[in-house]
Amino acid sequence: MAEASEKSVPRTRALAAAPPRIVEAGCPVEGTWSGAIRDASFSRLTGEWDRGFFEKRVIEKRWEALFLATNELMLSFAIVDAGYLSSGILCVFDRKARRTLIDSHPVLPPLFASITDEPNDGMRATLTGPRLSARFERSGGRILATARWGNAAVDLSLDARSAPAPLTVVSRLGGGRFNYTQKGAGIPAEGEIAVGNIRYHVRGDPAGLDFTHGYLPRDTAWRWAFCSARQGARLIAFNLSEGFLRSAGGENVVWLDGAPCSVGRVHFDFEPSAPLAPWRIESEDGTLGLTFQPEGYRAQDIDLKIVASRYVQPFGVFSGHVTTVSGERVQLDAVPGVTEDHSAHW
């Protein structure tokens, strides 16, 4: 009986190490792994996966995004290259005042954004525009994230050498479309964020990074939850999504004192018309059960006919439980993070 009881304990599952390259025999590999793929180039794609210059401009999407939560603020910062348009996000939410200080999401012509195929050393992402200059650069395991954006400034340095292994996922989406993402959590950040005359100092808080590159469907939608924080001395981090990737595990993982581990399929329960109402997120296997209480949110609804985007992105805190590979049930008590409900016609 003791053996049966031991086997019935819900556990997250360790992931295999990432393969050396994203393309084998002309096709994208598919899977969910721990660690980074060394060769992230799409140049060896052939057959249905190979795309000409003009088709790439329509279906190829890249973004580099950073999320950071401290006791004082939450930061959402991204550069997006959608081929035929450029975009980005800079949002700073003051947690104590429950007030959004800046929420900017410009839509700009193509070539205003540039993002390399490489998410690790050699990564470079830039965005320029009216009263706007933003950049991510990575070298020697260090990431510089800087922006001059309206009346806001971001000057951060992240040290990936002191972070756990990232999550890597490649998923085929049908019709010769696929998506590649590398997500990191628990990356110590140092620096300063300023909006107007309000300044915030960042001192070792664990940030998250999301590099995504893919040939995406015309209509794409997802629900997403992310946390990278400390509860006492322990790193609590997870990345959860529903509605985008077809594989069972997708990109649903937790980082608890080490490498990312899979929690399998998850389900999101929330009220889209009430952004400040609680969310409920649960895994099918019982390894994770969370309640998310928003503190504030950002939202946008753009319809340019050929391009449309609708999203709500609440900032708030997660409570509930996550489980380790050994079966330890870790209770979460109001750890900061973000959720998102997003649909795009692009």
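## Charge and surface

In this predicted model, the protein carries 38 positive and 40 negative side chains, and the centres of these two sets lie 3 Å apart. The accessible surface of the protein comes to about 14,300 Å², and carbon and sulfur atoms account for 52% of that area.

## Overall dimensions and content

Two helices and 26 strands make up the secondary structure of the protein.

Of the 346 residues, 57% count as buried. Among the contacts in the protein with a separation of 6 or more, 54% are accounted for by residues 24 or more positions apart.

## The ten-stranded open sheet

Ten strands form an open sheet with antiparallel pairing, and their order is β1-β21-β20-β19-β18-β26-β25-β24-β23-β22. Strands β1 (13–14) and β22 (266–269) stand at the edges, and each has a single partner strand, so one side of each is left without a neighbour in the sheet.

Within this sheet, strand β24, residues 288–303, pairs with strand β25, residues 308–323, in the antiparallel sense over 15 bridges. Isoleucine 302 has serine 309 in β25 as its bridge partner. Aspartate 303 is also found in strand β24, and with a relative accessible area of 48% this residue is partly exposed. From aspartate 303 to aspartate 333 there are 30 residues in sequence, while the C-alpha atoms of the two are 39 Å apart in space.

## Alanine 344 in strand β26

Strand β26 covers residues 329–345 and includes alanine 344. Is alanine 344 buried or exposed? Its relative accessibility is 8%, and because buried means under 20% relative accessible area, alanine 344 counts as buried.

Leaving aside neighbours within four places in sequence, alanine 344 is in contact with Arg218, Asp219, Thr220, Ala308 and Ser309. Serine 309, named in that list, is the bridge partner of isoleucine 302. Arginine 218 lies 126 residues from alanine 344 along the chain, and the C-alpha atoms of the two are separated by 7.9 Å.

Leucine 144 takes part on both sides, as the bridge partner in β13 of glutamate 137 and as a residue whose own bridge partner in β14 is serine 157. Both connections are hairpins: β12 and β13 have two residues between them, with glycine 140 in the turn at a positive phi of about 60°, and β13 and β14 likewise have two residues between them, with glycine 150 in the turn at a positive phi of about 60°.

Methods:
Residues are numbered from 1 along each chain as its sequence is written. This is a predicted model: local features need pLDDT of at least 70, side-chain atom pairs count only at pLDDT 80 or more; totals for chains, interfaces and linings use all residues. Side-chain values use heavy atoms; hydrogens and water are left out. Two strands pair if DSSP finds at least two bridges between them. Helices (H or I, at least four residues) and strands (E, at least two) are DSSP runs, numbered from the N terminus. Buried means under 20% relative accessible area, exposed over 50%, partly exposed in between (1.4 Å probe, protein chains only). Contact means heavy atoms within 4.5 Å. Accessible areas come from the Shrake-Rupley method with a 1.4 Å probe; for residues, only the protein chains shown count as cover. Lys and Arg count as positive and Asp and Glu as negative; His and the chain ends are not counted. The place of a charge is taken as NZ of Lys, CZ of Arg, CG of Asp or CD of Glu.
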